[in-house]
Amino acid sequence: MIAIGLAALLAVAPQQPAAGATHVLLVTGLSGEPRFATAFHAAAASIYDAAKSRWIASDSSLVFLAEDPAKDPARITGRATREALAAALLKLGTRSAPGDVVLIVLIGHGSGQGADSRFNLPGPDATAADFATWLIPLAGRTVALVNASSGSGDFVALLSAKDRIVVTATKSAMERNEITFFEHFAKAITSEAGDADRDGRVTLLEAFGFARREVAKGYQTKNLLATEHAILDDDGDGKGTAEPGATGDGALARTVAFGVAALPSDPRVTALVTERRALEAQVDALRRRKSSMDSTAYERELERLLVEIATKSAAIRAVTGPKP
Amino acid sequence: MKRARTLGLFALTAGIVACAQAQQDTARPPSLVSLGEALVLRGKLTEADSVFRLAVTRAVPERRSALAARAELASRRGNAAEAARLAGSIADEFERDGARWSAADLVAAGRAYVVLGRDDAQSLRAALRAFDAAVSADSNLIEPRIRLGDLFLDKYNAPDARASYREALRLEPKNPRALLGMAEVLSFEGSPGTTAAVRASLAANPALAPAHALLARQHLDAEQYDSAAIAAGRALAADSSSLEAWAMLGATAWLRDDSTAFARARAGAASVNPRPAEFYADIAEAVSRHRRYAESERFGREAVALDSASSRALGVLGINELRLGKIDDGRAHLTRAFERDPFHVWYKNTLDLLDELQKFRTVSTRRFQIVAPAAEVDLLAAYLGPLLEEAYDSLAARYEYQPTTPIRIELYRRHADFSVRTVGLAGLGALGVSFGTVLVMDAPSARDPGSFNWGSTAWHELAHTFTLGLSAHRVPRWFSEGLSVLEERRARPGWGADPAPEFLAAFKAGGLLPVSRLNDGFVRPSHPAELGFSYYQASLLCEMIEARWGRPALVKMLQAYRDGQDTPGVFASVLQTTPNALAEQFSTWFRQRFATTLASIAPWTGNGPATGAFASTLAEAHSLLEQKRAAEAKAAFERAEAMFPDYAGPDAPSLGLARLARDRGDKAAAVAALARHTALDESAFSANALEASLREELGDVKGAAAALERILWIAPYDPALHARLADLADRLDDRARALRERRAVVRLAPSDLLEARYQLARALARAGDPAAARREILQVLEAAPGFEKAQGLLLELRKQPQGGMP
């Protein structure tokens with residue numbers, strides 16, 4: 001298969017995405033303990049690697065600020081201070097264009113509440129109010145801000161806006177215990193496990209759902225009461241949702257995906273891919289009608305479409321060879 | 001003799017009363033109340049009431065105490081209306097001007113509220129407040145502290161009871177009632193030392209009837225019926241109105257099938273209270289501790305029939321109905337009990353648990369109902385169902401008996417819930433309990449992986465179902481537990497208890513209990529290790545009996561118990577021996593069985609780990625291992641293993657030898673050493689995992705699968721483990737097992753659920769169920785139309801609509 005990378009392809013399944021480049025800002029904050037430093041860095045580094053190798057983000061569109069840049073100079077671009085964060089966002093505002101996606105992932109500890117909710121950094125912390133200011137130059141871009149830190153819930157109300165997806169690891173500033181969301185989110189967005197529909201790309205909605213489920217499972221397995229409940233807001237109403245879907249909260253996150261799509265060079269394949277996508281769109285439409293359909297008719301039509309899709313895939317593979 | 005003595009006491013009492021009346025003008029009223037209390041302690045309730053009445057009439061300074069005592073007496077004799085009237089009069093007065101009352105009067109108010117609390121739970125709060133106020137008013141007064149302890153204990157609140165009694169003992173270290181209270185707390189908690197604590201109380205007051213009654217209960221629980229009857233008799237000699245003592249006497253008689261003595265006890269109770277619901281409730285509790293749950297339910301029902309307002313009667317009935325699997329009836333009675341007594345911890349905990357139980361789901365097999373949290377019942381039932389069916393067949397053949405079915409088994413993912421289901425409180429140390437045809441146990445999720453084997457636990461509890469059923473629930477505890485552990489060992493290699501070095505060292509020191517007292521090791525162990533020792537010792541005793549007399553002897557023994565024989569009788573009729581002779585035979589057999597090991601273990605001092613050649617050799621081996629002196633360490637481990645080949649502790653020689661073999665690259669030797677260990681230790685999670693990996697590396701797919709299969713009985717919640725076992729099963733072409741494992745992976749909702757469901761569809765197809773495979777793969781593709789592997793499988797399945805996949 002010939003994979004021609006779009007620079008950090010922003011792919012979108014049946015819903016049409018805003019096509020454009022993707023820019024990534026990763027920040028690991030104050031760790032407090034070596035074990036946190038290790039865990040924060042591992043999660044951020046995995047996203048960094050995926051962005052660089054699989055999303056094909058250019059160096060100038062990929063910024064990684066960390067507590068200790070010496071820990072991994074090959075990846076880390078600077079120290080995670082309040083000033084550096086402000087400068088990085090300003091730079092991304094300059095480099096990006098309307099229609100682009102800007103993914104901001106904050107991994108660390110949080111404190112405070114309301115407008116004074118903080119992401120803890122070496123030196124002065126960054127508050128939710130700071131981010132509200134720093135994000136102004138990014139108007140027109142689709143901004144996805146993932147605050148994967150403890151006590152981050154109040155960021156939603158402060159930063160909610162049109163064309164903006166805000167994910168927090170907790171539902172409020174009061175959930176301040178150690179969290180696990182960031183690890184699962186990093187795994188989701190960088191691996192096939194998060195790709196719920198197996199289309200080769202992970203939407204932000206898929207990544208959020210995966211991480212949320214895995215967090216819940218982790219607490220359940222240990223027979224512990226869950227002390228973190230992630231939420232997502234992307235309808236601009238300032239209220240996060242624990243279980244976002246296709247409408248309301250989740251509708252925008254569903255259209256923002258990360259991954260490399262193969263751009264076939266063979267016109268036969270191009271045609272087959274186009275036909276397959278059309279069939280996939282029909283499946284999506286059929287699923288939406290499911291509740292109003294007779295179950296037998298639904299299953300029959302579903303199987304027909306799926307067999308057609310499978311047949312197209314087989315035809316594509318016959319031309320391109322099996323996936324590596 | 002007994003009659004004459006009673007008359008003498010009565011004459012004495014009458015004289016005291018007359019004397020007290022004569023003293024009424026001499027302004028020494030306190031003696032009236034003291035006299036009344038003394039008469040109460042001797043069971044002279046009528047005379048005591050006369051004295052208290054006199055004190056009230058004369059308006060002596062302690063008249064409120066006298067009034068409270070009269071209310072208590074009326075309650076004790078079953079005259080609830082009179083009790084409420086008398087107690088209500090104190091409460092009314094207290095609510096008018098109680099703020100100015102003396103500490104003694106505050107105690108009287110508290111006592112009155114306790115009486116009122118029988119019908120009005122809120123009065124118990126007032127009682128607590130009154131006792132607390134009495135403590136505040138006079139911090140040196142011991143009475144309110146003891147009353148507080150009694151009240152807490154009555155509501156199953158042992159920690160607060162203990163604190164109250166401790167305060168009382170701080171004021172008066174030899175107060176017999178406070179000492180008794182502490183003994184009750186220990187008994188309630190099942191802690192060692194209860195008997196010693198009761199004896200301390202009796203040393204302070206040899207005529208304290210409740211202490212004798214508690215001693216009777218202790219003996220009864222240990223199935224020491226003669227001693228129980230003697231202790232109950234002493235209680236009644238001190239206080240012929242002690243309903244608890246009559247109940248202990250009645251329970252003893254009933255458990256011995258002595259209907260005449262039982263009728264006598266019942267008449268004695270009725271002479272105190274014509275409707276003695278408490279007497280029946282006490283007996284219900286006593287016989288339930290002998291695992292006679294059906295009879296306990298009947299006694300509970302009699303108690304309710306006598307007093308339908310008694311929360312205790314309703315509670316004991318409800319609890320036993322739950323033990324018999326009558327969940328709806330049990331809930332209804334417990335709800336009524338809780339309405340009347342909302343401070344009772346057992347009722348509250350159990351009702352909370354029943355709410356939780358409504359979220360559970362049941363999976364039925366041919367003869368079992370497996371009840372577990374909905375999220376894991378399918379996973380657990382996939383393994384437990386076949387195991388239980390196998391166990392039933394195996395045990396039915398061995399015991400020539402088939403218990404009625406269905407048998408219900410409940411699994412709890414929180415140990416505290418299991419504990420509440422069993423004893424009403426969190427903190428029970430056991431893993432499982434058998435109520436007959438209702439089994440209750442920890443789910444594997446209730447404990448850390450490697451801490452227990454849930455398969456052997458279920459087998460153990462089911463074995464109780466057979467031994468309880470075959471003996472009509474008359475099998476003594478030691479025999480039932482011994483057989484259950486023995487059956488574990490027969491079920492799978494490594495299942496069942498192992499000999500600890502301290503156990504063997506205790507034998508060598510003569511520290512194991514003789515068979516005639518083996519029940520004590522279960523009911524009132526004298527030291528923390530004795531319970532574990534007793535389980536293993538009982539299993540060895542059963543093993544020896546089977547070896548010497550054959551399996552049918554075990555069955556005949558159970559039948560003899562069923563027919564009402566006691567242990568000496570059973571030994572005589574079935575084994576043609578006596579307990580002492582059997583103990584000697586056991587000792588000889590034991591010395592032969594563990595001859596090699598006993599030679600390398602020193603007699604146990606009762607504290608700390610066992611010492612001797614084995615311990616020192618093992619320590620030396622580990623030291624050499626740490627020093628990386630591999631050859632010498634290997635030799636030391638081999639010597640240690642030869643000394644104690646059954647040892648399966650975490651520092652076992654076999655594990656050291658496995659590590660050394662692995663270090664030198666000798667996988668075959670490592671596997672052999674690990675196999676020796678996993679054949680002994682039923683919870684060897686890490687050793688089994690390592691054995692599986694090494695066997696796989698050596699190409700021993702079947703052996704690797706067997707090791708993983710063992711792990712499933714230790715920790716079944718890792719989807720990766722199931723996926724690995726499924727892969728091995730595929731390689732062995734064991735399609736049924738592969739399918740079971742793929743289903744397990746899906747049930748565990750792994751991170752990559754789509755992949756798991758795809759694999760399940762493949763396994764379904766390979767197992768010859770293409771229709772199910774097709775349904776599964778369509779559901780996968782419905783969620784992920786672009787999933788190419790699944791697409792490929794769909795097309796394959798369409799090509800082979802009937803036959804499935806090769």
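This is a predicted model: local features need pLDDT of at least 70, side-chain atom pairs count only at pLDDT 80 or more; totals for chains, interfaces and linings use all residues.
**Entry 1, helix α6(A).** Next I looked up which of its residues are buried, and the list includes Leu204(A), Phe208(A), Phe210(A), Arg212(A) and Val215(A). Glu206(A) and Glu214(A) are also on it. Their cover includes β8, β9, α5, β10 and β11 of chain A. After the helix comes Asn223(A), where I found a positive phi, near 55°.

**Entry 2, the sheet.** I traced an open sheet of 7 strands in chain A, in the order β3-β2-β1-β4-β8-β9-β11, with mixed pairing. Which strands stand at the edges? They are β3 and β11 of chain A; each has a single partner strand, so one side of each has no neighbour in the sheet. I followed β3(A) to its pairing with β2(A), which is parallel and runs over 2 bridges. There Ala66(A) sits opposite Arg79(A) of β3(A). I then saw helix α1(A), residues 34-54, packing on the sheet, where it touches β1, β2 and β4 of chain A. The direction of α1(A) makes about 165° with that of β1(A).

I found 23 residues from chain A and 22 residues from chain B in the contact. On the chain A side, α6, α7 and α8 each supply at least two residues, and α8(A) gives the most, with 8 residues. By class, I noted 9 nonpolar, 4 polar and 10 charged residues on that side.

Key
Residues are numbered from 1 along each chain as its sequence is written. Chains are lettered from A and ligands numbered from 1 in the order in which they are written. Two residues are in contact if their C-beta atoms, placed from the backbone, lie within 7 Å. Helices (H or I, at least four residues) and strands (E, at least two) are DSSP runs, numbered from the N terminus. Ala, Val, Leu, Ile, Met, Phe, Trp, Tyr, Cys and Pro count as nonpolar, Asp, Glu, Lys and Arg as charged, and the others, Gly among them, as polar. Two strands pair if DSSP finds at least two bridges between them. Axes are lines fitted to C-alpha atoms, for helices over the stretch in contact, and angles run from 0 to 180 degrees between N-to-C directions. A residue is buried if 20 or more other C-beta atoms lie within 10 Å of its own, exposed if 12 or fewer, and partly exposed in between; C-beta atoms are placed from the backbone.
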